[in-house]
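Here is a short briefing for a reader who is meeting this structure for the first time.

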Amino acid sequence: IKYGSKEDGAPRKEQDAIAAGIESTIGNTPLFIIKSLSEITGCTIMAKAEFMNGAGGSPKDRVALSIIRSAEEAGFLTPHSGDTIYEGTVGSTGISLATLCRARGYLAHICMPSDQAMEKSNLLLKLGAVVERVKPAPIVDQEHFVNRARNLAEEHTANPAKRGRGFFANQFETEANWRAHYEGTGPEIFDQTRGNIDAFVAGAGTGGTISGV
């Protein structure tokens, strides 16, 4: 985009091409110094502002986008075909998937434990997802929320009466999870610190962030 022109004498400004889609707001988040902790400890302690990822406001945006792109490249997902992404999640991953599914032309079907806050499932519904609240069960039970999502995806694909196919996101086991951080978050932190980093600290759920970084 060019601002001003030679004729009117206004300054001319060149700007990079404007990015397209909510996907463009994921990644390249700021790294900032936490002043209070740095002063108390005598160390430089920084935080990666993952809340600035633009789909769901969490690191799970990176994972959800990586899962979808990997599935598209492998031919498992085709936009606007009726394909549905199924996932068992208690919150953040579901929000990221629901947002990106809507943006990229897929349906989202989220299975979550029924003991989770209603606000979570209400938000997912507003994002256009189908939400199934499942009675809490051990992971070995086929009615566990993760197993339920996997089975529903398989049933969808096997049912000729259903449009599109079912795809199980499988955040706990897919390589697309840790690769999102191996190829994105980790290199970003290394570049932002110019390689001058002594320790990395993160909470672990699926383990994708800490292993990938």
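The protein has seven helices and eight strands, where helices (H or I, at least four residues) and strands (E, at least two) are DSSP runs numbered from the N terminus. This is a predicted model, in which local features need pLDDT of at least 70 and side-chain atom pairs count only at pLDDT 80 or more, while totals for chains, interfaces and linings use all residues. Residues are numbered from 1 along each chain as its sequence is written, and side-chain values use heavy atoms, with hydrogens and water left out.

**Overall dimensions and packing**

- The C-alpha trace spans about 65 × 55 × 30 Å along the principal axes of the protein.
- Of the 213 residues in the protein, 38% are buried, a term that stands for under 20% relative accessible area, with exposed meaning over 50% and partly exposed in between (1.4 Å probe, protein chains only).
- Among contacts with a separation of 6 or more, 54% come from residues 24 or more positions apart, a contact being heavy atoms within 4.5 Å.

**Strand 6 and its neighbours**

- Strand 6 (residues 107–113) is largely enclosed by the rest of the structure, because six of its seven residues are buried.
- Strand 5 (residues 84–88) pairs with strand 6 in the parallel sense over five bridges, pairing being assigned if DSSP finds at least two bridges between two strands, and isoleucine 85 stands opposite alanine 108 in strand 6.
- From strand 5 the chain passes through helix 3 (residues 92–104) to strand 6 in a right-handed β-α-β crossover, which is to say that, with the strands pointing away from the viewer, the path from the first strand over the helix to the second runs clockwise.
- Strand 6 is also joined to strand 7 (residues 130–134) by five bridges, and these two strands run parallel; cysteine 111 has glutamate 132 in strand 7 as its bridge partner.
- The chain crosses from strand 6 to strand 7 through helix 4 (residues 118–126), and this β-α-β crossover is right-handed.

- Phenylalanine 200 lies in the loop between helix 6 (175–192) and helix 7 (208–212), and phenylalanine 200 is partly exposed, with a relative accessible area of 34%.
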